[in-house]
Amino acid sequence: MSERLGFRTAGYRNMSIEQAIRAIADIGYDGVELCLEHPDLAPEKLTDDRCAELVAVASELGLEIATVSYHGDGDPLELRWARALAAVALAPALGADILIVNSPRPGPDAPADLAEEFRYQLSCQLAMADELEVTVALEPEPGLLVDDCRDMLDLIEQMGSPSLAVNLDVGHAWLTEDDLNTAIAEMGGHIAAVHIEDMADKVHKHLVPGDGQMNLPGVVQALRDTGFSGWLTVDLFDIADDPNTAARQSLEQMRELLW
């Protein structure tokens, strides 16, 4: 494992994206995940020139743009599909070859054909990803259409695209899997990127690594055993009042965990 550490901009939503990038670099991370839900990063507003500006800002600070993500949980479906497709094209413009997405949430208010429409829209994203040499890393999440690791492996088989991979959120998998390390082994080479955080009491609340009950050293070892060599990106979002403290604490804990 290369053990490169990144931090997501989701927790910095109350700052400008330039301020977020600078703060993450100053704290000492190797990379940043640009989350397209940030007010400054709405896909329909991002031009090539604006993307180039952000890449230059990160480069000047010695910060790599590790991944780009779009989780359209709050968007109406029509807007969600449009933004997800636009995000595929934006990833390389932002200097990344991995786009992290998730699936929509089923339920009584969702369209009856939601699963079919999701697969169709994903196929469109993957077709564009094939052309642009982008990996679409889909993130299983409790309660969504792609809820757990078995759902994810089934989807990979159904879609049959070399551009589809897994973004493993270790906290999500801790909630959904009987044995997290076994699930990591089963997904193996399909894992393109990892979100890492801690959790406690089987409650879906992202905590600073080391503040919960997860065996994160065991998780990291399980990833090493698969040969994973991608980014470990800390995923905290309920930190907008003081993101720097949470990011700094997370980096300290992750360094202890890894080294």
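A polar contact here is a pair of N or O atoms within 3.5 Å, where, within protein, one atom must be able to donate a hydrogen and the other to accept it. In this predicted model, the side chain of Ser69 meets that criterion with the side chain of Arg8, at 3.2 Å, and a further polar contact, of 2.8 Å, links the side chains of Ser69 and Glu33.

Ser69 belongs to strand 3, which covers residues 64-70. Its relative accessible area is 0%, so Ser69 counts as buried, the cut-off being under 20%. Once the neighbours within four places in sequence are set aside, the residues in contact with Ser69 are Arg8, Glu33, Leu34, Cys35, Leu36, Glu37, Leu99 and Ile100.

From the strand we can turn to the open spaces of the model. Rolling a probe the size of a water molecule over the atoms shows where empty space is left. The largest pocket holds about 330 Å³ of space, and among the 18 residues that line this pocket, those closest to its centre are Arg8, Ala10, His71, Asp73 and Phe237. Sorted by class, the lining of the largest pocket comprises eight charged, seven polar and three nonpolar residues.

The second largest pocket contains about 180 Å³ of space. Its lining consists of Asp73, Asp75, Leu77, Arg80, Pro104, Arg105, Ala110, Pro111, Leu114 and Leu144, which by class are six nonpolar and four charged residues, with no polar ones.

Terms used
Residues numbered from 1 in each chain as written. Predicted model: local features only at pLDDT ≥ 70, side-chain atom pairs only at ≥ 80, totals over all residues. Heavy atoms only, no water. Helix = DSSP H or I, 4+ residues; strand = E, 2+ residues; numbered from the N terminus. Buried < 20%, exposed > 50% of the residue type's maximum accessible area, 1.4 Å probe, protein only. Contact = heavy atoms within 4.5 Å. 1 Å grid on protein atoms, 1.4 Å probe; cavity = no way out; pocket = protein on both sides within 12 Å on 5 of 7 lines; lining within 4 Å. Points joined across faces, edges and corners; volume = space filled by probe spheres on them. Nonpolar A, V, L, I, M, F, W, Y, C, P; charged D, E, K, R; others polar.
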